[in-house]
Amino acid sequence: MTDNAAKAGVAVIAVVAQKGGVGKTTVAANLAAAYYEAGVPVALLDTDPQGSAVTWANHGEAMGVGPGLLAEIAHKINASDPRRLRAAVDAAVKAGARRVIIDGPPSFARPALAAALVADVVLIPAGPSALDLMPAGATLDLVNEAKAQRRGRGPQVYFVPTSVTSAKLGRELPGGLRALGADVLPGFSRRSSFATATVTGRTVVEKAPRSEAANEARALMRAIEKRRKR
Ligand SMILES: Nc1ncnc2c1ncn2[C@@H]1O[C@H](COP(=O)(O)OP(=O)(O)O)[C@@H](O)[C@H]1O
Ligand SMILES: [Mg+2]
């Protein structure tokens with residue numbers, strides 16, 4: 001059992017990737033929205049110094065449609081080392097969160113390692129191009145380093161395919177990722193709705209609850225929860 005699981009029913013889920021623009025914030029924010037919708041108290045910790053999830057959250061006000069869910073659950077935090085990150089996680093749990101989702105830092109660096117050091121579950125988003133596989137493998141190596149440091153208490157680690165299309169590479173992505181050495185969870189297809197929701201500071205779960213995009217966010221949440229119970 002991990003440190004967090006020992007605190008009944010709390011799970012820290014870190015979304016990390018070496019490559020920028022691969023879908024970390026999209027996965028983290030929409031996954032958080034799926035938990036919220038399911039009635040699970042959730043916090044989204046934004047470790048990007050540019051504050052991507054928090055910036056996204058503020059779009060609602062800026063566009064004159066009022067704040068969305070992210071404005072309520074997203075918090076900008078300093079994740080430069082595991083101690084600070086752990087303090088931010090503890091504060092979120094103290095405030096009532098039962099799932100703490102860390103939107104990982106923009107690049108492969110100490111903060112990504114810090115996130116893997118405090119997480120119960122690490123999600124590595126990976127796009128469907130041949131150029132995405134190598135950085136996904138490098139991220140997995142870094143996360144496995146953190147896992148080794150924690151001996152038996154390391155996180156469960158999964159790849160999450162992102163921006164998947166029906167093209168050959170998209171279909172082959174799960175197999176390619178699995179070969180790198182981690183299990184693959186249901187991912188997100190390439191859909192313009194994931195990008196357009198951000199314009200008004202929304203997640204797809206809020207903006208289009210009946211959409212396939214929202215269903216993909218819910219499916220990812222269910223897959224994580226199913227594996228946690230095993
Ligand atoms: N599944 C997807 N379908 C379409 N666009 C996506 C998808 N995932 C991410 N994007 C878009 O790609 C860009 C980068 O995604 P983002 O989540 O910000 O990546 P990261 O946080 O890893 O830098 C954003 O403009 C986002 O809207
Ligand atoms: Mg981001």
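When I say that two residues touch, I mean contact, with heavy atoms within 4.5 Å.

Okay, some ground rules. This is a predicted model, where local features need pLDDT of at least 70 and side-chain atom pairs count only at pLDDT 80 or more, while totals for chains, interfaces and linings use all residues. Residues are numbered from 1 along each chain as its sequence is written, chains are lettered from A and ligands numbered from 1 in the order in which they are written, and side-chain values use heavy atoms, with hydrogens and water left out.

Let's start with Arg190. You'll find Arg190 in the loop between E7 and helix H9 (192-199); helices (H or I, at least four residues) and strands (E, at least two) are DSSP runs, numbered from the N terminus. What does Arg190 touch, if we skip residues up to four places away in sequence? Ser163, Val164 and Thr165. Arg190 has a relative accessible area of 55%, so we call it exposed. The scale goes like this: buried is under 20% relative accessible area, exposed is over 50%, and partly exposed is in between, using a 1.4 Å probe and protein chains only.

In what order do the strands come? The open sheet has 7 strands, ordered E3-E2-E4-E1-E5-E6-E7, with parallel pairing. Strand E3 (74-76) and strand E7 (183-184) are the edge strands, each pairing on one side only. By pairing I mean that DSSP finds at least two bridges between two strands.

Look at E4 next. E4 pairs with E1 in the parallel sense over 5 bridges, and Arg99 in E4 is the bridge partner of Ala11. E2 and E4 also pair in the parallel sense over 5 bridges, with Ala43 standing opposite Val100 in E4. Why is E4 largely enclosed by the rest of the structure? Because 5 of the 5 residues of E4 are buried. Arg99, Ile101 and Asp103 point one way from the strand, Val100 and Ile102 point the other way, and all are buried.

E5 is mostly covered too, with 6 of its 6 residues buried. Val121, Leu123 and Pro125 point one way from E5, and Val122, Ile124 and Ala126 the other way. On the E6 side, 6 bridges join E5 to E6, and the two run parallel; Leu123 stands opposite Tyr158 in E6. Strand E1 (residues 11-15) and strand E5 (residues 121-126) pair in the parallel sense over 3 bridges, and Ile13 has Val121 in E5 as its bridge partner.

So what packs on the sheet? H2 does, touching E1, strand E2 (42-46), strand E4 (99-103), E5 and strand E6 (156-161), and its direction makes about 165 degrees with that of E4. Axes here are lines fitted to C-alpha atoms, for helices over the stretch in contact, and angles run from 0 to 180 degrees between N-to-C directions. Helix H5 (residues 82-94) packs on the sheet as well, touching E1, E2 and E4, at about 145 degrees to the direction of E4.

Asn30 is in helix H2, and with a relative accessible area of 1%, Asn30 is buried. Leaving out residues up to four places away in sequence, Asn30 touches Trp56, Phe188, Phe194, Thr203, Val204, Val205 and Ala217. Then there's Thr25, also placed in helix H2 (residues 24-37). Is Thr25 buried or exposed? Thr25 comes out at 18% relative accessibility, so it counts as buried.

Which residues come nearest to ligand 1? Of the 14 around it (a heavy atom within 4 Å), they are Gly21, Lys24, Thr25, Thr26 and Ser189. As for polar contacts with the ligand, those are pairs of N or O atoms within 3.5 Å. A polar side-chain atom of Thr26 lies 2.6 Å from an oxygen atom of ligand 1, and one of Thr25 lies 2.9 Å from an oxygen atom of ligand 1.

Methods:
Polar contact = N/O pair within 3.5 Å; in protein donor to acceptor, adjacent residues only side chain to side chain.
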